[in-house]
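Please open the structure in a viewer and keep the selection tool at hand.

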Amino acid sequence: MEEGHEESGLDERSRDGGFSVASECFFLDHVGEVLLSRNPDGLSWKCLDSSDCEGATCLGIRNSENFETEIKFSDIYAVEFANFGLVHSPKSGLVHAKECFRERLLNTQEMHRFTVHGLQKSPKEPCLWKLAAFTFGHMDLQTCQSWMDHLNYFLIKEVERPRNLLVFVHPKSGKGNGSKVWETVSKIFIRAKVNTKVIVTERAGHAFDVMASIQNNELHSYDGIIAVGGDGFFNEIINGYLLSRLKVPLPPSPSDSFGSVQSRGSSSVPESEDAVHETDQKEHYPLLPDSVQEGMNFRTVNGSCEGIQDPDHPFSGERPRFGLIPAGSTDAIVICTTGARDPITSALHIILGRKLFLDAMQVVRWKAASTSTIEPFIRYAASFAGYGFYGDVISESEKYRWMGPKRYDYVGTKVFLKHRSYEAEVMFEEAEPENAKTSSPHKRSKTWPFRNTPKSEKILCRAKCSICNCKAEGNIVRTTPDSFPEKIRWCRTKGRFLSIGAAVMSNRNERAPDGLVVDAHLSDGFLHLILIKDCSRPKYLWHLTELAKKGGEPLNFEFVEYHKTRAFTFTSIGEESVWNLDGEIFEAHHLSAQVLRGLIPLFASGPEV
């Protein structure tokens, strides 16, 4: 291509001030001569000499016309100069029937080169991102340098991308390969020119202590906090950050303001007016303990009070974004937020600055045991809180950590055979759907079984989810009086339960491909309360079998109650289990929880369809 054409193509500007399409001939490594074009949103290229390429295969894709491919700027994470070197001819097997390029191109040539690093998505598995590198060669050094400068200019404009990260590595997470996982993905961060301060944890609670003690000015010097480990390790980091900084009204204790609600045995459906607690928000705030309502103060983790002039902004300064690179036993959070349990995919989500918001569950233990004094103790969960079966499994598995992830299968079988049930009382806020006035009564009921619920009604959480983005885009929506409907209905259920679970997200994982609740969303402001009432072993096994298969209906049983709620309380009666908070043990006799919508900014974009 003539030099004049090259300059006009690179320097033309569109009417809106941006660069118009620029084109230049390059040699693409292992492909041949291509026409490379810089478009407003990325690069595209196509093979030249299409008359010689009929019946040929280029990059493994058969075409009768020009072969063409592209990569968007949003999918490019680095552009680097590759020095003067070889540009190879098409790979063996990519050319057949006729020669695809001139005979002189079938030999390797030395020229100036630059490499564009990005990602490729598989059509069959769009959630799984693979590293892609495209090396372009040209005989003129200035041409390569000019294209590199323009590409780097576009990458700099991607303001959501991190430049400095604080990374915590759990060396013993999962199968004990946390350090190895970081060693693998760290090269991608280096290539993308992302600075990382790496802390390899040396003991349990190490990351929590660092996050709790780090000064805000140092914290704000990082664009994000990254965990290399499992769900429990992510939980540790989140709690270290939130507990010393977040001040919000606490959810109600089990004894707060509910004296008029009468127990109806194991049934949670209100049978009369006295079984429902309705409160007008103008008169009383049912989700605020009396001590908090006085002056509308906000209690921190140690129970102290501090007045806040603007309760809609509980953080001082912008919240850092969090990221998670999977190296754990289950990795449910990564699977739900990226769609793949793959360290490279997660690393690319972080480097490319993908962003979404996660709900979080604030869990308050009011009493550790029945004889304990009331003393609020707060923790946060990003994915799940479980009692009974879930608590027994996590508690018992601590004895078998040497087995790695296989301990959960072994201990799960043991706990199932013991078939323990626990008596408890659970109260929950009944969710009012937005279309409550127009919806039919049976659609408003949140108690299973839903009989023959059409699958079309289940809207799964995906990238650019309309449900998660419709209201709270980065704004924390808490279970506070200003976010309540005018009437709040509380229901009570009491009985013996094999398990009690509260899911913030679907919790999809390799053992439960659809998760606990297939249509749970990442940031819709709801918890999913699942109560498994005492039943026979065969029935419970049937439920677990449905949970473990794709397309199963684990909630469609008479002994299973499912409630979509914003808050709930729990009181243990008699023999007690423990709670499982994102894989961590949490003992509680009196407990309450509420959802905080959009609390956690995360480096992820959601599962691709």
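Begin by selecting helix α10, residues 389-397. Eight of its nine residues are buried, so the helix is largely enclosed by the rest of the structure. Buried means under 20% relative accessible area, exposed over 50%, and partly exposed in between, with a 1.4 Å probe and protein chains only. The buried residues of α10 are F389, Y390, G391, D392, V393, I394, E396 and S397. Helices are DSSP runs (H or I, at least four residues), numbered from the N terminus.

This is a predicted model, in which local features need pLDDT of at least 70, side-chain atom pairs count only at pLDDT 80 or more, and totals for chains, interfaces and linings use all residues. Residues are numbered from 1 along each chain as its sequence is written, and side-chain values use heavy atoms, with hydrogens and water left out.

Next, select α4 (residues 206-213) together with α6 (residues 231-242). The axes of α4 and α6, lines fitted to C-alpha atoms over the stretch in contact, lie 7 Å apart at an angle of about 25°, on a scale from 0 to 180 degrees between N-to-C directions. The two helices are therefore roughly parallel (under 35 degrees). To see where they meet (heavy atoms within 4.5 Å), display H206, A207, F208, M211 and A212 of α4 with F233, E236, I237, N239, G240 and Y241 of α6.

Finally, select α14, residues 537-547, where Y540, H543, E546 and L547 are buried. Viewed down the axis of α14, these buried residues fall within an arc of 120°, so they line one face of the helix; the arc is that of the directions from the helix axis to the C-beta atoms. On the other side of α14, P538 and W542 are exposed.

Terms used:
Angles under 35 degrees count as roughly parallel, over 145 as roughly antiparallel, 65 to 115 as roughly perpendicular and the rest as oblique.
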